[in-house]
Each structure stands twice: as structure tokens, then as C-alpha cells.
Amino acid sequence: MVKVEAEKVKSIGGVLNDKNRPLKERFRALFTLRNIGGQDAIDCINQCFRDDSALLKHELAYCLGQMQDREAIPVLMRVLEDINQEPMVRHEAAEALGAIGCLSVKPVLEKYLNDPVIEVAETCEIALGRLNWIDKKEELRDENPYASVDPTPPASTKNIADLKATLMNEEESLFNRYRAMFSLRNIRTEESILALAAGLNGGSALFRHEVAFVLGQLQEPCSIPFLAENLRDTAENEMVRHECAEALGAIATEECIKILNEYLKDDKRVVKESCEVALDLCDYENSPEFQQERRRKPDKPDDFVTYEDSDSEEETPQQQNEILNTSYNFVDYVRSRESDFSEGRSICQSYASRHILTHDMFKETPISLGNINKVFCSQWLSNRQVVFGTKCNKLMVYDVNMRRVDAIPTLPNNRSNNPDTQHGIHAAQINPSRTLLATGARHSADIAIYRLPTLDPVCIGENGHRDWVFDMCWLDDQFLVSGSKDTKVALWRINEDLIDVPQATGEDEEQTCPSYGHIVPVAVKECRTAQKIRSLCFNQEYKEIAVLSLNSYIHLFNAETFSQKLSRKLPNCQDNVCIACQPNGLYAVGCRSYTLLLDPRTLQAVKKIASRYSGCGIRSASFQENILTVGTGLGMLMFYDIRAGKYLESSINSSRTVVLKASKGYVFPEEEMDGFQQIKYVPAIYTHCYDASGTRLFAAGGPLPANLVGNYAGIWQ
């Protein structure tokens, strides 16, 4: 509730109750009162129930329900009991009583379960279902992204086929059909939207009206033909036609505007008025002011704000004593460990790397890789070994102590392995128990699995992709997901007990590479809306797989069902080639000139981190707790402090941010690069990774232009 002077509230209420005002102005006044809340706003809304516009009164009841203020219950009860009110107004009053969630209204709703107006009776049934659900205190994760109070909770399943079957089952209760409806809405994929649109053919007018409302929330153009069909059907219930008109207004495309203009003079007043309001919504959605507001940076908040109604509880004496006796000093940590104290001790993993970085202690040890072409991926195998993959299809292991590079045989498949199928090893990932390494195979569309720490081959994964595998991530110790240039994601299961390994013959025993099995994916899914999958990661906190495609979309897959949940266009995002996930779920997407931080709940951008250097594209990204490390196309590693909201600053020189600049490495310009020597060459950092202690950083890459051959690798320690 917003605190506003009573006189201002009454002034807004005056606009709402002024019948001479255009309907669109009265609607805006209503929504303002809803956002203000409080008794004065409720009184102003109550006065308007004497109006002769059924559409406006329907919206009055809806807003009172969304406010969830118990002071509105007497008003809504009077509207429900008034048989002179239009059916759509009484229905909305009953739904609002359910939305407020007060169990004391159950007798009133039960009284009208057999109301002669079927829409009122059905709404009372649904509202009672919601109150009974609240009374049972069932726990359910509601993923409603629209901040609306829905008539029912969503269903627990996310299987679109099962949800559609429930949605269209006329024998099922309306309460359960509504639950399926809101689950389909929350999934927000084209498949789920089309399943919802089928509900516009349902037998209940109330049900069809709610489907239209939900499609309006989704604002997806693929639902326009279905909404337009019901709006154009003059035999359709006016309550349904009105909701279809408002949904088209929310989608607000040129096609929607044309359709709405056709029915501005409809015979049904509620339809005509809905088109008027919907066109006003279209104007607002497409106005320069609204588009500018969407792009506008949020106002800077106060530096420090306290709230009297905070839900946090006071600390108990025991908690206070524990806090006061807890040291956050690193020296205390070391001394307690030396003294073998029995109390539990722990250290923030990023402490060491943060300290070394801010005190300018990282020094580069370049690694000579000969004429290897571009390092694309890397992982620390142990405290002394790093594995990495290259564009020239080599899998290498670097021994830090011995300063030696060894090649690991890549795994061929059963098909032809000519050079045309070898486009580099782009990914290397280790499972949580660190017993298996997943990487690319000799054919760039296959995956290879090696056993750790011996690096013996376990199996090769085939028939999952038709083009290069760009990235992969482990979901647990057995299940792996890969993403490819062919826009598909594949789910693999690696269980050595289930893999048939051919027995070596006398000739095979002489080969350098041991025998290994062949597996096929458990499932392969097309990533809808994607063009070439470039990167992916597993979000442990939200149990979802985030997929980044080269057409500037991010896509989410449910890790438990391996089904696509949603896709979102990234704002002004070009050359997005890498994604990383913080343990708490925050996403970081590397783009041409900045890094984008995304809220995992909504995929909305919460921060755009400029790269500070012109033309400095982000090529690799990783989280070390609250430190975001990015490798750039200009041979630099930069470090962003998520908590402080700024780049990590040097403790030696406070006016300087921490930047690690890579050495040149090796580069060989091809003949067509005649002017190359005239510009200063720096390698791109395609990959980087920290060791377990956070005190060593491996960084590698090579020339950014595709037609240059070269490499860079170095250990910072």
C-alpha cells in the first residue's frame, strides 16, 4: 500500500466516478486507486458500483480482489448478493472474495453455488476450491511471473500433454482445469500457449473467458488467431468476447489494432467498451514514452533504507553470542587449524583469489604450445594438471610442475572421420564427484567421456547432433547435457555398468588407445526459437538448464523433465558466446561490449556491466563465489565484485582496477593478412579456470580473427 494524502485519493476517485470522463481515463484512475490501496481507495471504488457500465464494474471487483484487503469483503458480498447487477459483475465479485482468501466468506459462496446464473455458480465453486486449498496449507512452488492473484494455484505437474488433457476434460472439476490452465501459462512456451488456446473451444463461457484473460497476460502473437476468432463470433458470450478484446489490446500488434477497430461499434456495449479500452492499451504499449520507460535505467535508490514492518526476527542471545565469538580474520583461521581446535572452521573459497588479485600478486607463467591453433576450453584435473581442447581437434594435458604438455588420443566413432568433420574441441566438463571428464570427440558432433584420474576412455556419444558440439554441462554424476550448432540439446546417461565395451582382440591390444563403449542420447530436444546453441550451464539452485543461442536468446529447460520452459530475447545483445551461473542462481552472459547479469526468476537484466575498453568483447566468464571473472577479446582478464557492484579495485593503488594482461603467445598471419603487422596483436581469452584453492588461474585462447592461426596459454599464480 502506498501512502497518499486522503484529498488526493478522493480526487482520483472523482475521476473514476465521473461519467462524463472517457472510459479509458476512468480505468486509469481505477488502477491508480488499486495501487494506492487503503480504506479511502476502497470507498471510492465502492461508490462506482452504481455506474451503468458492466465492464467498468467488472474491473472494479477484479481490482478489489487483487488488493487482497479484507476491508473490501462487505463491498464484494453486497455486489454478489445484488441480483440486479450484471452476471459478469457478480461473477467477478465472487472471484475477488476467493482472491482475498478469508475463510469467513465460505458460507456466502456456498449460498450461491446453485445460482441460476451459471457463471456466478461456477465462480463460487472455484472460489470455494481456492479457500479450501488455503485452509489445507498445501505447499506448492507457484512460478507465476505476473504478480497476479490467481483464482487457483497451478497444478503440480509440468507435463504439457497431461496439462492439456486436464484442461480440455469437461468431466474434470473447474478448479482442477483452472490449475492446469495456470500451469500452462507459467511454462510460457509456444507449445503451452497453443494448448491454452485450445481452451477457447471449451464448453463453459466462464472457462473460455479465463483462458482469454491468461492469453492476454502472456502477450504472445501466436494466440492472436484464436482470440480474434472468438471476438468475431457474434454468438459467443459477451463476457468471453470482452476478454478476447482486452487480450488483443495487451498483445498490441498492428494486426490486433486492426481487429479491435472493426468492433469499436459492436452491438454489445461491453464488447464495444472493451475494444475502446484495449486500443488505449495498444497506444500506451506502443508509445515512445512506454518504450523509453522499458529502456530507462531505474532511479538510484537511497543508500540505506530501513522498514518498520520487516519480517526479520530479533536474534536470540545464543545467536548473538555465536556471532560475537565468530572471527572473520584469516590469521585466526590459520592459527586455529594449527592448534587443531575442535570447533568447525571454514574459509570462503574466493578469499585467496580476491586477496592475491587486489594485492597485485598474480604473475604470469606463459606456456609454449608450439603451432597448436586456439585453445577453446579447459579444466583443472588436479592441483598440478590442466586439460584443454583446441580448434585443431587436440585434447592436451599440461603438467604445472613438470611444465610439460601431453596429448590425449581423441576418440573416433564408427563412421567416417575425415578432416571435414573436425572443427575443434569446444567444451570440457568434469562431473561433481570428479570421476568423469566429458569433452569433444574426433568428430565434432560427438562427445567423449574419459575416466579420472587415469584419463582412460569410457565411451563415445554418437547420433545426438548433426553439427559441432559447442558446450555441455553435468546435471549429476551420470547425466550430461550437450548443446550444438544444430540448435539441439541432447541428454546423455553415462553409467559404466550399462555400457557395453567390446573385448580387445590380439590386434587391438597393440593399439595405444584402450577399448571403449558407444552410447546414444537418452533424449534429443529441438531448442525452440534458437539459432545455433553457443553455450549452456546447469543452475543447481533452480534445477534448470540455461541455454544461450547466437540469435541473442536465452532459453530455460527443466532439468528434471528435460522440457523447454521459456525463451527470452536479450536486450541489445550481440556476440553472446558465454554464460556462467553463480551458486545462488544469478546468470552472467558475455556479449560484444558488456556482461549482462540476469535474475534467474524472470530472466530480466538486473545489471549491464560495461567492459571498460572499446571493442573488448567478452569471450569467457566464470563465478568464484561473489567474483565474476571475464576473459576478453583484447587479451585481458577482468574481475567484477558482485556484492560491491563494481570492478575489483587494487589495494596497492586504489585508483586502479585489477586487470591481468596476457602475453602475446604464438600467432601466424596468413597471406591475406598483409596489414596485420601494422596493428598490435593481442590474443582473445577463450577460456579460463581456477584451481581448487583459488590461488592459480589458467587462461588460454588465441587470435580472435577466424583466419589467423595461433595460440595463447598461461598460468597466473
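You are looking at a predicted model, where local features need pLDDT of at least 70, side-chain atom pairs count only at pLDDT 80 or more, and totals for chains, interfaces and linings use all residues. Residues are numbered from 1 along each chain as its sequence is written, and side-chain values use heavy atoms, with hydrogens and water left out.

Color H12 by burial next: 13 of its 14 residues are buried (under 20% relative accessible area, with a 1.4 Å probe and protein chains only). Now visit its two ends. At the N-terminal end, Ser204 caps H12, with a side-chain oxygen 3.3 Å from the backbone nitrogen of Leu206. After H12 comes Gln219, with a positive phi near 55°.

Now jump to Asn558, in strand S17 (residues 553-558). Is Asn558 buried or exposed? Asn558 counts as buried because its relative accessibility is 7%. Show its side chain and you will find it reaching the backbone nitrogen of Thr561 at 3.2 Å. Leaving aside residues up to four places away in sequence, Asn558 touches Lys158, Lys543, Ser563 and Lys565 (contact means heavy atoms within 4.5 Å).

Finally, zoom out: the chain has 21 helices and 31 strands, and buried residues make up 52% of its 717 residues.

Notes
Buried < 20%, exposed > 50% of the residue type's maximum accessible area, 1.4 Å probe, protein only. Helix = DSSP H or I, 4+ residues; strand = E, 2+ residues; numbered from the N terminus. Polar contact = N/O pair within 3.5 Å; in protein donor to acceptor, adjacent residues only side chain to side chain.
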